[in-house]
Structures are given as structure tokens and as C-alpha cells.
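Please look over the model below and read the report that follows.

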Amino acid sequence: MNCKHCARRLSEYIDGTLDRESRARFDEHLGSCSSCSAGLREMEEALRLLREAASGPAPAGLADGILLALASTPPRATGVPTILPGVPTILPGNPTILPGVPTILPGDPTILPGVPTILPGDPTILPGNPTILPGNPRGRRSGGPWTGFAAAAAIVLALLAGLLAWQGRPVARRVAELESEVSGMRGRWEAEKAELAVALERASDELAAARSDADRAGAALAAEATRRERLEEAVARLESAARAEADRAALVADDLRVESERAASLESELALLRDRALRRGAVDGAIAAGASAQPEPVVLRRRGGRLELETRGHPHVFIPRLFALARDESDPEIASLALDSLEGILGFGGPPSGGGTEPDPVEPGVGPVKWVRRGVAVFATAAVPRGAQVEETQARESPRERRLHDLETVWRQAAGTEG
Amino acid sequence: MIRGGGDERGAGEGGDLSALSEAHCLVLARAGSRGAQARIVHQYTPRIHNLFLRLLGDRDLAQDSTQEVFLRVFSSLESFDVARSFRSWIFAIAWNLARDHLRARSRRRTWRFLGQGGAGPDSDGEDGAPFDPADGRAVPPLDSLERKERAEAVQEALSRLEPGKRAVLLLRDCEDLSYEELAELLGCGVGTVKSRVNRARWALRDLLKRTRPEWFDEPVRARGAGAG
């Protein structure tokens, strides 16, 4: 880019019609060249002055005058600058007829005395047209040295008039053709006008429908916007609530973590306590095992639905146990069996009714208790005085406490005897 | 005589046609609608008149020429293709008419100088009323003098330009015709039009700078821009 190139394309730069690359090169050059940048500034200023000066309204009434002229002027065919081939144009605005011939001004159709008048704006000259008359009496335009030119012009115009007259017949035919053509054009114009009216009405309907659609679309859009706004508000509220919940959940999680740590600590402590308790329980179990190493003096078991009682060891051991069972009324069946066993052992009856095997008959008698071993079991029987037989009957019929009392009496006697 | 079949249409039609596009208006005008013609006339009269005023420098001739342009337009509208640019077409008609006037004027000047003893070749030789470049513009009183001075200087510079340069300047920078429309109007290529516009702009700048160099100093320019 140089200054010459810049000057050649400065207008395109101002008009913004340069491509991006050229414009960039222009900008680069203008930034470094004060002469070209001044030229740009001055040209823009000149154009601003031109636009300011060369704008303005039309004179008042000009447009109306034009419309009036249009209304009073028949439509003209364009491109008819000449009347005949080889004949110069006779139109307003082109007053020259022949080189070297004085100007024929519009509105001043009279050229010279004796020259036919040619009215401006009516280029058609028919045979017998009264607008072309010889000997027009109106005044002269000029004289003196121009007489020769005027005479020449008169001759030319006379020739022209003759030619026109000679051509009059074809022109008349041409006029008729043109009028026919124009009437055809008028028909076409009418048809086109009607079509346009229909099209205009249709376009108006479509426009109204489009406006209605646009209104509806606008209303729907507004409703959608409102709904969206509400949704956004709801979402904002939910987000706020969610944030609050998240904060609260974080606090709960912290609490849970603390609680779980405490629980873990408690579990650990509990495990220690359990361990300690197990150790202590083992010791207690060993003690209990040691304590329960002595054989149970009275064993109760069920066989075939019957409750059996078996005594083991010495009578001084199992008889107090039987008394204890007989006094314990929590289980009447055991208490009854224990009582019956005591009565049998202490000589009030036969062998214990709950015995598993049938014992050998034992003679009821008095004296110390006799021991019968059968297998692992030892059956005891006591020697009961004879006089106690009555008491036995009485005892069987007496209430439970009485029977126990009698049996304890017998046992104390027997134990005392034995002892 | 045949009037085009549109006499029954009233001037009030223009109000109904205001929403139509220019192409529709042209079709209606071609069918003889006076309303459509009125709309076109009212739309283009200021611009055409302004173009003639700047090109010819004669107020009466500008008015007559404006009227003549519309007579030519509506008489030959039948042959106009509405797919083309109507703006380009009507300005082409105006430019052709202006060119005819300029040529005729140069011939008349010669005759007057030779035979009638009228104005010499150095005078403007205008036929009609003198032209005030700032005429008819509503401007604030305080600014009107300065604005009038600027308008006179610009018109003086325009009158010193060749008609071709004057035309491309006015059509491009005042009427906003595109380079393509100008090319169609002038019957030449777009590149040629660009070159002509550029040369015309430089010529205007040179003339204005030569006559009013103070306008191109930075402070004055800023004041002028503020006034404008």
C-alpha cells in the first residue's frame, strides 16, 4: 500500500466496500501516513458539506402541479423522438431543429411570418390539421440579420409540412391502430386492476390473519415468559431450601460422626467389660462346678408321662431335700410326689409311688431306716413303730401341713434314734 | 383522447396505498391508478428536483424538468420491468434530460454570444430565476447565515465541476445510489463508476479546499460538524 494506491481507492474505503484484508492494509497505511489521513479527513468533510448543502425540500405545490399535469396529459409513447425518419426531433427541451437555425422555444410556436405553426407537445400532424396554417399573423421574433436564416427555416418547415401531409394517410392508419392498441391496453389494465384488487383484498386478509397469529403468538409468548419466570422463582426457592437442607444435613452428619465415634468408644469399652465379665464368669463357673461336684440327693425325671423321683446318697442328705421339695408348693406335682416318697420311706406306706422300678417289698416296721440298693439307686425305708400305723391313716387323711408335720416328727425320731 | 383508464380513481387512494411496496405501487400506477402515481410523485419529487437544481443551477428549469421526468416516467411505465430498480431508472431519465439541457444550454450560449448580444460565455447564462442554494430550508436563525454560506460555496464548487462528475457526486453521495445502480444508470462497469466517483470526490475536495481552506482546519471542521 502506497499513497498513490490509497488516493485511488479512498472512496471505496469511505464507502466501506473494501474487503477486510484491503481495509486492514488501508488502516495500517493511514495510521502511518499523515498526508493520506489528512486527505481522508478532508474528503469526508467535503462530502459532509455536500450532503448538507445539497439536500432540501421541493418547492411547495410542485408535486401537485406535476399530478395535475399528469391528469391533463394523455399517455405518450416513449422513444418517439422523431416524427419521420430523418426529421429532427420537435419536443420541448430540445428546441434545436437544424444546426444553424434559431431556437424554437416552447410556448412560442410561431417562428416567422408565413411559416406554419407547430404546437409543442402535439407531435402528431394530421392532414388538414388546423394547427398548421400558412400565414400565421402573429408577430415576429427577430429580424434584421436573421432574415436569411428565417427564410431557410421557413423553407425547411414548409418541406416538413409537405412531407407530413404526404405521410398523413399512413399516419391516420397508424393512429387508428394505436387507438385500437390503447383500447386493448385499457382492457388489459382493467383486468389487471381487478386482479390487483382481488390480490390486495387477499393480501389484506392474510395480513389480518398474520397479525392475529402474531397477537396470539405474542400472548402465548408472554404467558410462557410468565410461567418461566414463576418456574425460575420456584427453582430458586427449591435451590435455597436444598442449600439449607444440605447445610442441615452437614450438621447432622457431623453429629452422626461424633455419635459414631462415641459409639465406637462405647463398643470398645463394652468389649473390654465383656472380656472382663467372661473372665469373671469362667471363675464363677469353676466355683459353681466345684460346688456342684456333690451328687444331687434327689433326681426328678419324666418317663412315659410319669414323674419319677430317685434318691441318692445318705438319708440324712436326701430326706431333708425331700422335705424341702414337699414344702415347695410352686410345683404341686413334685411336692405331692416328694410327700408320697417321704411317707413311703418313713414307713407310712409302700415304696414311693413315682419309682421307676418296682422295689422289693419292704416290711413296714419300726426302727431305723433300712437301705436297699438297686443298681445305682438306693432306696431307703425307715422303721416305723407299729403304733404309727393309725397315725399313718390319720396322716393320709390329714391336711398337707399335718402330714408334713407328722413325717418330720417321725424323721426327727428316726434320725435321733439312728444318731 | 385516451387517458389510461384510471380517471375514476381518486386521490384518496394514496392513503390506502401507503402500505404497499414500491413494486406494487408501480404496477398499480401502470394500470392507471392516480393514487399510486401520486405516491410515486410525492416520493421522488424532492429528490429529482434537488438533482436538477444542483445539476442545472436554475430553479424554474429544475421545476419544469422535474415535471417532464414524471411525464416521461408515466408515459413509458408500460415498458418498465418492475423487477429492476425503479430508482435507478427514474434517475437515469432525469440524468438524460439534464444532459440534454446542458448540451442545449451550451449551444444557446454560443448563439446569444454570436448573434443576440445577450449574456457572454463567462456569465451563468441561466434562463430562469436565480438559484439560492439554501432556499427553502428551515434552519435556525443563528445558524442560517453560516449554513447559507456553506451551501453557496458548495454549489459554486459543484458548478465548476464537469457535469459528469457533478452527476456521479450527487447521485452517489446525495441520492445514495449504489455503485451497481450507478453502473446501470451510466451504462458502464462498476470499476469505472468507482473510479469516476473517486475522481469526482477528490475534485470537489480540491475545489472547496482551494476556495475555503479554513473549513478544512481541524477546529473549524469540528465546529462545522457540530453545526451540521
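B:Arg201 is found in helix H9 of chain B, which covers residues 190–211. This is a predicted model. Is B:Arg201 buried or exposed? Its relative accessibility is 0%, so B:Arg201 counts as buried; the cut-off for buried is under 20%. Which residues does B:Arg201 contact, leaving aside its neighbours within four places in sequence? In chain A, B:Arg201 is in contact with A:Ser11, A:Ile14, A:Asp15, A:Met43 and A:Leu47. In chain B, the contacts of B:Arg201 are B:Leu169, B:Arg172, B:Asp173 and B:Tyr179.

Two of these chain B residues also meet each other. B:Arg172 lies over the face of B:Tyr179, at 4.8 Å from the ring centre. Chain A has an arginine placed over a ring as well: the charged end of A:Arg23 sits over the ring of A:Tyr13, 4.2 Å from its centre.

**A tryptophan in chain B**

B:Trp95 is found in helix H5 of chain B, residues 86–116. Its relative accessibility is 8%, so B:Trp95 counts as buried. What does B:Trp95 touch, not counting residues up to four places away in sequence? The list is B:Leu55, B:Pro163, B:Gly164, B:Ala167, B:Leu185 and B:Leu186. Sequence and space can be set side by side here. B:Trp95 and B:Leu51 are 44 residues apart in sequence. From C-alpha to C-alpha, B:Trp95 and B:Leu51 are 8.6 Å apart in space.

**Aromatic rings**

How many aromatic pairs does a search of the whole structure find? Over all chains, the search finds six. Two of the pairs involve B:Phe80 and are set out here.

| Pair | Centre to centre | Angle between planes | Arrangement |
|---|---|---|---|
| B:Phe80 and B:Phe86 | 5.7 Å | 75° | edge-to-face |
| B:Phe80 and B:Trp89 | 4.6 Å | 25° | stacked |

Why is the pair of B:Phe80 and B:Trp89 stacked? The planes of B:Phe80 and B:Trp89 are at 25°, so the pair is stacked; the cut-off for stacked is under 30 degrees. Both B:Phe80 and B:Phe86 are buried. B:Trp89 is buried too. Ring pairs link B:Tyr44, B:Phe80, B:Phe86 and B:Trp89 into a cluster.

**Chain B as a whole**

Chain B has 10 helices and zero strands. Read along the sequence, its pattern is α-α-α-α-α-α-α-α-α-α. Chain B has 228 residues, and buried residues make up 50% of them. Now take the contacts in chain B between residues at least 6 apart in sequence. Of these chain B contacts, 58% join residues at least 24 apart.

**Chain A as a whole**

Chain A has 11 helices and four strands. Of its 419 residues, 27% count as buried. For contacts in chain A between residues at least 6 apart in sequence, 52% join residues at least 24 apart.

**A helix in chain A**

Helix H6 of chain A spans residues 147–166 and has 20 residues. From its first C-alpha to its last, H6(A) reaches 28 Å. That is close to the 28 Å expected at 1.5 Å a residue. Which residues of H6(A) are buried? They are A:Ala150, A:Ala153, A:Leu157, A:Leu160 and A:Leu164. Seen down the axis of H6(A), the buried residues fall within an arc of 80°, so they line one face of the helix. On the other side of H6(A), A:Ile155, A:Leu159 and A:Trp166 are exposed.

**A hairpin in chain A**

Strand S1 (residues 298–303) and strand S2 (residues 306–311) of chain A pair in the antiparallel sense. Six bridges join S1(A) to S2(A). Where does the partner of A:Val298 lie? The bridge partner of A:Val298 is A:Thr311, in S2(A). A:Leu300 stands opposite A:Leu309, also in S2(A). The hairpin of S1(A) and S2(A) has two residues between the strands. In this hairpin, A:Gly304 takes a positive phi near 60°. How enclosed is S2(A)? Five of the six residues of S2(A) are buried, so S2(A) is largely enclosed by the rest of the structure.

Terms used
Residues are numbered from 1 along each chain as its sequence is written. Chains are lettered from A and ligands numbered from 1 in the order in which they are written. This is a predicted model: local features need pLDDT of at least 70, side-chain atom pairs count only at pLDDT 80 or more; totals for chains, interfaces and linings use all residues. Side-chain values use heavy atoms; hydrogens and water are left out. Two strands pair if DSSP finds at least two bridges between them. The expected span of a helix is 1.5 Å times one less than its number of residues. Buried means under 20% relative accessible area, exposed over 50%, partly exposed in between (1.4 Å probe, protein chains only). The arc is that of the directions from the helix axis to the C-beta atoms. Rings of Phe, Tyr and Trp (its six-membered ring) pair if their centres lie within 6.5 Å; planes under 30 degrees apart count as stacked, over 60 as edge-to-face and the rest as tilted. A charge sits over a ring if NZ of Lys or CZ of Arg is within 6 Å of the ring centre and within 35 degrees of the ring normal. Contact means heavy atoms within 4.5 Å.
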